[in-house]
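Work through the following exercises with the sequence and the coordinates side by side. Each task is followed by a solution that goes step by step.

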Amino acid sequence: MASAPAFKRSDSIADSMPEALRQSRYHMKKCFARFVGSGKRMMKLNHLMDEMEKTIDDKIEKHKVLEGLLGYILCSTQEAAVVPPYIAFAVRPNPGFWEFVKVNSEDLAVEGISSSEYLKFKEMIHDENWGKDEYALELDFGALDFSMPHMTLSSSIGKGLNFITKVMSSKLGGDTERAKPLLDYLLELNHQGENLMINDTLNTVTKLQTALIVAEVFLSAFSKDTPYQNFEQRLAEWGFEKGWGNTAERVKDTMRSLSEILQAPDPLNIEKFFSVIPTMFNIVILSPHGYFGQADVLGLPDTGGQVVYILDQVRALEEELLNRIKNQGLSVKPQILVVTRLIPDARGTKCNQELEMIQDTKHSHILRVPFRTENAVLRQWDATAKILDHMEGKPDLIIGNYSDGNMVASLMASKLGITQGTIAHALEKTKYEDSDIKWKELDPKYHFSCQFTADIIAMNAADFIITSTYQEIAGSKDRPGQYESHAAFTLPGLYRVVSGINVFDPKFNIAAPGADQSVYFPHTQKQKRLTSFHPAIEELLYSKEDNSEHIGFLEDRKKPIIFSMARLDIVKNITGLTEWYGKNRKLRNLTNLVVVAGFFDPSKSKDREEIAEIKKMHALIEKYQLKGQIRWIAAQNDRYRNGELYRCIADTKGAFVQPARYEAFGLTVIEAMNCGLPTLATNQGGPAEIIVDGVSGLHIDPYDGDYSSNKIADFFDKCKNDVDIWNRMSTEGLRRIYECYTWKIYANKALNMGSIYSFWRQLNKEQKLAKQRYLQMLYNLQFKNLVKNISIPNEQTQEAEPKV
Ligand code: UDP
Ligand code: LCN
C-alpha cells in the first residue's frame, strides 16, 4: 500500500485531493469517467482499485499514480457513493478519523462535505425521496457533547480512564471551591443508609483538610497493623466514618491520598483513591440471550464464549470486591446478580430454574426472569422489581451485555439513577455488508432497525464501555472498528445518524478477559495435572474406532498435534483449517490434526450454516483422504477435561491453531496460551492483538490458506530441529498472558471504572441529563414503534407493556 507522500497530518483530504488529481489529470479524468460509467453505485476500495487498474494501461504510469498522493488517498477510502456527476468518498486516513469529499467527475472539482451530506449521497442510491427530504430525521449525539472533553489521538482510544483522571485533576484543582464536588460525593457515600468515609461534621473542604491532617498525625502513633477498631472512636469524634481501611497503615494511606488530591489533584492519586474507597458492593450483570447456565449449555443456540466470559467475570469481580471490602475495614457482603431469561423448555439444562448460586462464589447468583410460559409469550414482567427484591436495595452498578442486555441496562440504570457499563464483543452492524443502507431488505429476518436503535441508545446512555481489544473500538489501519462503524450511518426512511458514537469519547476502555487459571494452567505444572482424565483423553485422541464422540484416527502417534476447538460456524473456519492441512504435504508429514467442533450427523442440526459445515467436513476428509491423520471430536463440555486436553496436546509438542475468518476476542486462544501450548491464530480481530507475531505466538491469515499452512508447517519444521523454539514460544505465550490477560487485571480495571465513572457522571450531571432526555425521546418515538413490528410467535392476548 502507498505510504503518504507529501501528505501531512495537518492536511485535510479536501485540501490535498485537488493537487493529487492535478498530478495525473489525464488519467484521472478517464478514471472518474469510468467510476461513473461502471454502473456500480456503491464502490468499495477493491472496486475503485479494479477500475483504476483497467483504466491506466501504462505500467509505469499506474505505478506512479498508485504510489503517489492519489494512491494514498484511495487506499484510505472505505467506500464511495456514485451519484453522477459526483462521486462522494468516505476516507479514513487513520483509526477513528474520517473525512468526506465529493468530486465532480466532469471537471474534477473537489469539495469537503459533512457526514450528513455524505450519507445523503448514499441515500440517493437506495431511497431517493428520503435522500432529498430536507426534514429527514437526523440523530446527532455530538451536538450534546460540545462541552465534554474528548481525546484526539488514535493511540489514546480505549484509555478513557487515564484521560478522565487527568481531566478530573484540572477540574478539581486550583482552590477549595473546585474540590467541592468531591466533598459532596464523599458525603453521599453510604451502605444501606449508613454513612461511609465522612459525615456532615466535615461539610466543607477546609474542615475536611484540617481533619485529615490531624488524623494522620494521630495515626502515626499506631503500629502499621493496628486494627481500625482500636482508633475508630477517636476518628468518629472528628467526623470520620468507616471505609478508610482495616488497619492504621491503610487508613493513613487513604487519608494521605485524599489530602494530596485536595492540595493539588493528580491522575495517579485520583485513580488510587477511587480504587480503595467503598463505592461498589452490589452489581447487576444483564445477559438475556442464549442459554445462560453453568453446565451443558455451550454450543446451544446463541451460547458460546459469552457465558464463559460472564461466569469467570463474576468470580473475578467477587474476589476483588471481597478483597477491597476487607481492606476497607467493612463487613459488607457484596452481591453479584446475573440476570437472564428463564427458559421453560430448558433442554436438560438448569435454564428453567429461577435462582441458581454461581459455583466458586460466596454471594453471587443467576436470576432468571420468565419472558414466556410453556406455550405463550408473556407481555409483562418486571426485572427491576425482582432485582431490588433479591438485593434488598439498589445495585451500585449495572453492566449490560450485547444489544438486548445493554438496552435493558440503559433503561434500568436511568430509572434507578445508577452507573451503567456496557459490553458488546460483537456488534451486528459490521457483520453484514451495507447492513445500514439495506436495512429494509434485511429487517424481516434480522430486525436491524430495532437492534441498531438499541445499540445507539445503549452506547450513548452508558457511563463507560468495556471492550476486550482496541480493534473492537477502532479497528485497524485498514478495517474500521465495530463501534467506529456507528459514528455515521443511515437507515433510509427511518433516520440518519450523523454523529452516533465518537470513538474518542473517554467512556471507552479496554479490559481484556482472562481464562480461569485453576482450569487452564501450564502443562509443566506436573503436580497439578488432572491425571485422572488421562485414560479418557487417551481414548479420545488415539483409539482406532469411530463412535458418537469422535471419528477418524491417528496412525502415527509420535507426531505433534495441531489442535483446534470451536463451534462449527463458517466464521470459525474449522473447515478452512482442515482444507489447508489436507492440501499441504509437508504439514501432513510433520503433524496430526485434531479438531473439536460441533457434531457429525447433519440431520441432528437445525442450523443451516452448521449443517453445511458438517457436510463440508465429511467431504474434505474424503477428498484429501485424511483418515489416519485426522481426529474429529464432537463438541466438548467439561472445561476441566478441556484444560487437560490442551495440556496433553502440549505434551505432544503440538500447537493450537485458531483459523477464524474473524474473531471478536477469542477465549480459546488465551486458554491454550495459559496451558503453555504455542498458539497460531487469525490476524482478523482480537487474536491479532493478543499475540505478538513471532514472539508469543504466530499470526495466520484466514484469507490466505497457502501462506498460513506453510507458516504452520515451517513452525513445526523448525521445532523438529530445535526444541527450544517450541519451548520459547510456550514461555513467551505465558509471559504475555500474565502481563495482559488475567481476570485479576480485568477485575481491578472494571471495578476502578465503576468507581471513577460513578463520580464522573456526578461531575457532568447536567450534560448527562440532557442526553438522557434526548435518548428517552428516541426510545419512545422510535424504538417502541419498531418493537411493535416484530411479530411474536404464539402471542398471548395481554395488552400490557413489558417493564424492565
Ligand atoms: N468451548 C467448549 N467446547 C467446545 C467449543 C468451545 O467448551 O466444543 C469453549 C471454549 O473452551 C471457550 C468458549 O467455548 O471457552 C468459546 O469461546 P470463544 O471466545 O473462543 O468463541 P465464541 O464461541 O464465544 O465465539
Ligand atoms: C464473543 C466472541 O465472539 C468471542 O470472540 C469472545 O472471545 C467471547 O464473546 C468472550 O468475550
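**Exercise 1. Determine how many aromatic pairs the structure holds, and describe the pair formed by Phe 563 and Phe 656.**

Solution. Begin with the criterion: rings of Phe, Tyr and Trp (its six-membered ring) pair if their centres lie within 6.5 Å, with planes under 30 degrees apart counted as stacked, over 60 as edge-to-face and the rest as tilted. On this basis the structure holds 35 aromatic pairs. Helices (H or I, at least four residues) and strands (E, at least two) are DSSP runs, numbered from the N terminus.

The model is predicted, so local features need pLDDT of at least 70 and side-chain atom pairs count only at pLDDT 80 or more, whereas totals for chains, interfaces and linings use all residues. Residues are numbered from 1 along each chain as its sequence is written, chains are lettered from A and ligands numbered from 1 in the order in which they are written, and side-chain values use heavy atoms, with hydrogens and water left out.

**Exercise 2. Characterise the shell of residues that surrounds ligand 1.**

Solution. Taking a residue as near if one of its heavy atoms lies within 4 Å, one finds 16 residues around ligand 1, the closest being Gly 305, Arg 567, Lys 572, Gln 636 and Glu 671. Helix H14 (305–327) and helix H25 (667–674) each supply at least two residues of this shell, and H25 gives the most, with three.

Then examine the polar contacts (pairs of N or O atoms within 3.5 Å). An oxygen atom of ligand 1 is 2.5 Å from a side-chain N or O atom of Glu 671, another such distance, to the side chain of Arg 567, is 2.7 Å, and a polar backbone atom of Thr 668 is 3.3 Å from an oxygen atom of the ligand. Finally, the protein covers 88% of the 540 Å² of accessible area that ligand 1 has on its own, by the Shrake-Rupley method with a 1.4 Å probe.

**Exercise 3. Locate the peptide bond from Pro 84 to Pro 85 and state whether it is cis or trans.**

Solution. The omega angle is near 5°, and the bond is cis. Pro 85 itself lies in the loop between strand S2 (77–83) and strand S3 (86–94).

Notes. A polar contact is a pair of N or O atoms within 3.5 Å; within protein, one must be able to donate a hydrogen and the other to accept it, and residues adjacent in sequence count only if both atoms are side-chain atoms.
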